[in-house]
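Please consult the sequence and the structure alongside the text.

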Amino acid sequence: MRNLVKRALGLVVGIGLCLPHLAWASGEAATNLVVVADTRRVSGVLKYIANVYNTDPWLFAVWAVVITALWGAILGFLMDFIMERSGLDLKSRKILEH
């Protein structure tokens, strides 16, 4: 009897968890959705990046990768310089773990 009650309760809970998903999926697909950057109030490099974002997704992706790599390298060298000036030697590491 307990096993039957547990199964029935599990079924009710399972159906209850699936019903909201069915209700949300009942609408029509948003196929005409377009995302663009607003370029009316920007200028210079930001306007160029916004225009590239609006017109050429591949070039924007290339710029994103290049800028991310450059920022990573700049921050890495900067932190290495700061650590060296503060007295921490990161160039030669002696393994102390066993």
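The model is predicted: local features need pLDDT of at least 70, side-chain atom pairs count only at pLDDT 80 or more, and totals for chains, interfaces and linings use all residues. Residues are numbered from 1 along each chain as its sequence is written, and side-chain values use heavy atoms, with hydrogens and water left out.

**Overall fold**

The protein has three helices and zero strands, and its elements run α-α-α from the N terminus on. Helices (H or I, at least four residues) and strands (E, at least two) are DSSP runs, numbered from the N terminus. Of the 98 residues, 3% count as buried; buried means under 20% relative accessible area, exposed over 50%, and partly exposed in between (1.4 Å probe, protein chains only).

Helix α3 covers residues 57-86, which amounts to 30 residues. From its first C-alpha to its last, α3 reaches 43 Å, close to the 44 Å expected at 1.5 Å a residue; the expected span is 1.5 Å times one less than the number of residues. Just after α3, Gly87 adopts a positive phi of about 105°.

**Packing of α2 and α3**

Helices α2 and α3 pack at an angle of about 135°, and their axes are 6 Å apart. Axes are lines fitted to C-alpha atoms, for helices over the stretch in contact, and angles run from 0 to 180 degrees between N-to-C directions. The two helices are therefore oblique to each other: angles under 35 degrees count as roughly parallel, over 145 as roughly antiparallel, 65 to 115 as roughly perpendicular and the rest as oblique.

On the α2 side, Tyr48, Ile49, Val52, Tyr53 and Thr55 meet Pro57, Leu59, Phe60 and Trp63 of α3, where contact means heavy atoms within 4.5 Å. By class, this contact has eight nonpolar, one polar and no charged residues. Ala, Val, Leu, Ile, Met, Phe, Trp, Tyr, Cys and Pro count as nonpolar, Asp, Glu, Lys and Arg as charged, and the others, Gly among them, as polar.

**Aromatic pairs**

A search of the whole structure finds two aromatic pairs. Rings of Phe, Tyr and Trp (its six-membered ring) pair if their centres lie within 6.5 Å; planes under 30 degrees apart count as stacked, over 60 as edge-to-face and the rest as tilted.

| Pair | Centre to centre | Angle of planes | Geometry |
|---|---|---|---|
| Tyr48 and Trp63 | 6.3 Å | 90° | edge-to-face |
| Tyr53 and Phe60 | 5.0 Å | 75° | edge-to-face |

Tyr48 belongs to α2 and Trp63 to α3, so their pair ties together parts that are 15 residues apart in sequence. Tyr48 is partly exposed at 39% relative accessibility, as is Trp63 at 33%. In the other pair, Tyr53 is partly exposed at 35% and Phe60 is partly exposed at 28%.

**Two buried residues**

Val52 of helix α2 is buried, at 6% relative accessibility. Leaving aside neighbours within four places in sequence, Val52 is in contact with Pro57, Leu59, Phe60 and Trp63.

Thr39 lies in the loop between α1 (2-24) and α2 (45-55). Its relative accessible area of 19% makes Thr39 buried. With neighbours within four places in sequence left aside, Thr39 is in contact with Lys47, Ala50, Asn51 and Asn54.
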